[in-house]
Amino acid sequence: MAATVHVQPNSGARFDWGLTGAAELGRVCAVLVVVDVLSFTTAVDVAVGRGMRVHPFPWGEQAADYARRVGAVAAVGRRQMTPEHPWSLSPAALTDAPVVADLVLPSPNGSAISAAASATGLPVVAACLRNARAVGRWLTRQGYGSTDAPVGVIASGERWPDGSLRPSVEDQLGAACVLDALSGAPGGLSVEAAMALAALASTPDVAAAVRGCVSGRELVEGGFAGDVEVAVRVGASDVVPVLRQGVFSAA
């Protein structure tokens, strides 16, 4: 009984957190939407919007080896960027970096979740505050959102120093923006999805909330306020990055 209840049955749009939540909803949903506002899915939106193909990959040194095998450029950490290698998880940097055909973009949260979901063959969409409305419209046009073809929206969250999940304001709001675009789905929202949407309804200024939350302040104080500003441009993008055969490209 518990396993059945955990997948939020009899609803067209469902919501959960992190890698474990994605694995649980991935067992029953027709498509997963991964949200990692600061910064993986925002970076994917920017890169795909500029014509790059993005390979998700778990965080770690193996990303460079993988990039060499597939003929791609490997993104590095924000502080490892150089003028000769300007590709990183920074959406602001990717806005100006030279366009490459294929970019391996590792991250410990959204990218790792996307890579794991891709291995199951399940369709995966990358959503953020910039493209949430476009993603919701695309999902609706594809016929997702019924109880027969439910959508699982995953807020990636962040990590505590011990590796455990830290739920994050920015990802809850980003997921809620997708759910808002799906609120007319024929299968309705699960209770969990409706509660996430309620958080959005009680947030008068989403951009200010993201700037002021822990993750936003961490980036600002670390010298990467530009990444936050790129991420909080709600509705600025019509790009819908869909993961096909392990690579995000425009739908």
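**Notebook: salt bridges and cores**

I opened with Asp-238, which counts as exposed because its relative accessibility is 64%. A reminder to myself: this is a predicted model.

Next I looked up the partner of Asp-238. It forms a salt bridge with Arg-137, and the closest N and O atoms are 3.3 Å apart. Asp-238 sits in the loop between H12 and strand S10 (241-244) while Arg-137 is in helix H7, so this pair ties together parts 101 residues apart in sequence. Arg-137 has a relative accessible area of 42%, so I noted it as partly exposed.

I then searched the whole structure for such pairs, and the search finds eight salt bridges. I followed up two others among them.

**Arg-130 and Asp-45**

Here the closest N and O atoms of the salt bridge are 2.7 Å apart. What does this pair tie together? Arg-130 is in the loop between strand S6 (124-127) and helix H7 (132-141), and Asp-45 belongs to helix H3 (residues 40-49), so parts 85 residues apart in sequence are tied together.

Are these two residues buried or exposed? I found Arg-130 at 12% relative accessibility, which counts as buried. Asp-45 is buried too, with a relative accessible area of 2%.

**Asp-227 and Arg-78**

I checked this salt bridge next, and its closest N and O atoms lie 2.6 Å apart. The pair links distant parts of the chain, 149 residues apart: Asp-227 is in helix H12 (residues 225-231), and Arg-78 is in the loop between strand S4 (73-74) and helix H5 (91-96).

Asp-227 has a relative accessible area of 2% and is buried. For Arg-78 I noted 18% relative accessibility; the cut-off for buried is under 20%, so Arg-78 counts as buried.

**The nonpolar cores**

I turned to the nonpolar side chains. Which members of the largest nonpolar core touch the most other members? They are Val-33, Val-125 and Leu-139, out of 42 residues in that core. Helix H8 (residues 169-181) gives the core its largest share, six residues.

Apart from this core I found another one, of 31 residues, including Leu-25, Met-52, Ala-75 and Ile-154.

Last, I listed the contacts of Val-33, leaving aside its neighbours within four places in sequence. Val-33 is in contact with Val-125 and Leu-139, and also with Ala-127, Val-135, Val-151, Gly-152, Val-153, Ile-154 and Val-178. Ile-154 was already in my notes as a member of the core of 31 residues, and here it turns up in contact with Val-33.

How values were computed: Residues are numbered from 1 along each chain as its sequence is written. This is a predicted model: local features need pLDDT of at least 70, side-chain atom pairs count only at pLDDT 80 or more; totals for chains, interfaces and linings use all residues. Side-chain values use heavy atoms; hydrogens and water are left out. A nonpolar core is a set of buried Ala, Val, Leu, Ile, Met, Phe, Trp, Tyr and Cys residues joined through side-chain atoms within 4.5 Å. Buried means under 20% relative accessible area, exposed over 50%, partly exposed in between (1.4 Å probe, protein chains only). Helices (H or I, at least four residues) and strands (E, at least two) are DSSP runs, numbered from the N terminus. Contact means heavy atoms within 4.5 Å. A salt bridge is a side-chain nitrogen of Lys or Arg within 4 Å of a carboxyl oxygen of Asp or Glu.
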